[in-house]
Amino acid sequence: MPSKPRRTGHVRAQPLIAVRDVEASSRWYQAVLGCESGHGGPEYEMLLNNGELVLQLHAWDLEEHPNLMGPDSAPRGHGVLLWFETTDFDACVEAAQALKVEFVEAPHVNPNSRRWEFWAKDPDGYVVVVSAESRARRS
């Protein structure tokens, strides 16, 4: 059996999704997740939490990037969940409720992981899961 190559680096996810309105989506994610704008503008956004990149937003049909063309050519995000962990689940729930988000699954404890979570659709129909350890909830 070949030996595994030694890895010394650190890998961190930096997801990017294509959206119809970068600025509106940025406001939605900032409200629900409590993150801040790291770039801003109508074409591209970097959403940060405590200085760390959480999510990138990119306008559809811009600069002819592969796989970011033709927003109506396939269902958005089919088979993909944008999963975020938080230490303040209640604040995320309150923000989502204030925005009247479409919940796919309302706030609940997942019986398998025993973690709080809710599943909601963002303005473009991507499914966003917000999760927290059970002790992160005050109620």
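**Reading contacts, packing and backbone in a predicted model**

User: Leaving aside its neighbours within four places in sequence, which residues is Arg76 in contact with?

Analyst: Arg76 is in contact with Ala18, Arg20, Trp60, Pro71, Asp124, Gly125 and Tyr126, once neighbours within four places in sequence are left aside. Bear in mind that this is a predicted model.

User: Where is Arg76 found, and how many residues apart in sequence are Arg76 and Ile17?

Analyst: Arg76 lies in the loop that runs between strand 4 (52-59) and strand 5 (81-85). Arg76 and Ile17 are 59 residues apart in sequence, while their C-alpha atoms are 9.3 Å apart in space.

User: How are two packed helices described?

Analyst: Two packed helices are described by the angle between their axes and by the distance between those axes. Here helix 1 (residues 22-33) packs with helix 2 (residues 89-98) at an angle of about 140°, and the axes are 7 Å apart. Angles over 145 degrees would count as roughly antiparallel and 65 to 115 as roughly perpendicular, so helix 1 and helix 2 are oblique to each other.

User: Which residues of helix 1 and helix 2 meet?

Analyst: From helix 1, Ala31, Val32 and Leu33 meet Cys92, Ala95 and Ala96 of helix 2. By class, this contact has six nonpolar residues, with no polar and no charged ones.

User: How many residues has the largest nonpolar core, and which have the most contacts inside it?

Analyst: The largest nonpolar core has 30 residues, and Ile17, Tyr29, Leu57, Phe118 and Val130 have the most contacts inside it. At least two residues of this core come from each of strand 1 (16-19), helix 1, strand 4, strand 5, helix 2, strand 7 (116-121) and strand 8 (127-132). Helix 1 gives the most to the core, with five residues.

User: Which residues does Leu57 touch, not counting those up to four places away in sequence?

Analyst: On that count, Leu57 touches Ile17, Val19, Val22, Ser25, Ser26, Tyr29, Glu43, Tyr44, Glu45 and Leu47.

User: Now the backbone. What is phi of Asn50, and what is phi of Lys100?

Analyst: Phi of Asn50 is near 50°, a positive value in a residue other than glycine. Lys100 is also not glycine, and its phi is positive, near 55°. Asn50 is found in the loop between strand 3 (44-49) and strand 4, and Lys100 in the loop between helix 2 and strand 6 (102-109).

User: Is Asn50 buried or exposed, and is Lys100 buried or exposed?

Analyst: The cut-off for exposed is over 50% relative accessible area. Asn50 has 71% relative accessibility, so it counts as exposed. Lys100 has 72%, so it counts as exposed.

Notes
Residues are numbered from 1 along each chain as its sequence is written. This is a predicted model: local features need pLDDT of at least 70, side-chain atom pairs count only at pLDDT 80 or more; totals for chains, interfaces and linings use all residues. Side-chain values use heavy atoms; hydrogens and water are left out. Axes are lines fitted to C-alpha atoms, for helices over the stretch in contact, and angles run from 0 to 180 degrees between N-to-C directions. Helices (H or I, at least four residues) and strands (E, at least two) are DSSP runs, numbered from the N terminus. Angles under 35 degrees count as roughly parallel, over 145 as roughly antiparallel, 65 to 115 as roughly perpendicular and the rest as oblique. Contact means heavy atoms within 4.5 Å. Ala, Val, Leu, Ile, Met, Phe, Trp, Tyr, Cys and Pro count as nonpolar, Asp, Glu, Lys and Arg as charged, and the others, Gly among them, as polar. A nonpolar core is a set of buried Ala, Val, Leu, Ile, Met, Phe, Trp, Tyr and Cys residues joined through side-chain atoms within 4.5 Å. Buried means under 20% relative accessible area, exposed over 50%, partly exposed in between (1.4 Å probe, protein chains only).
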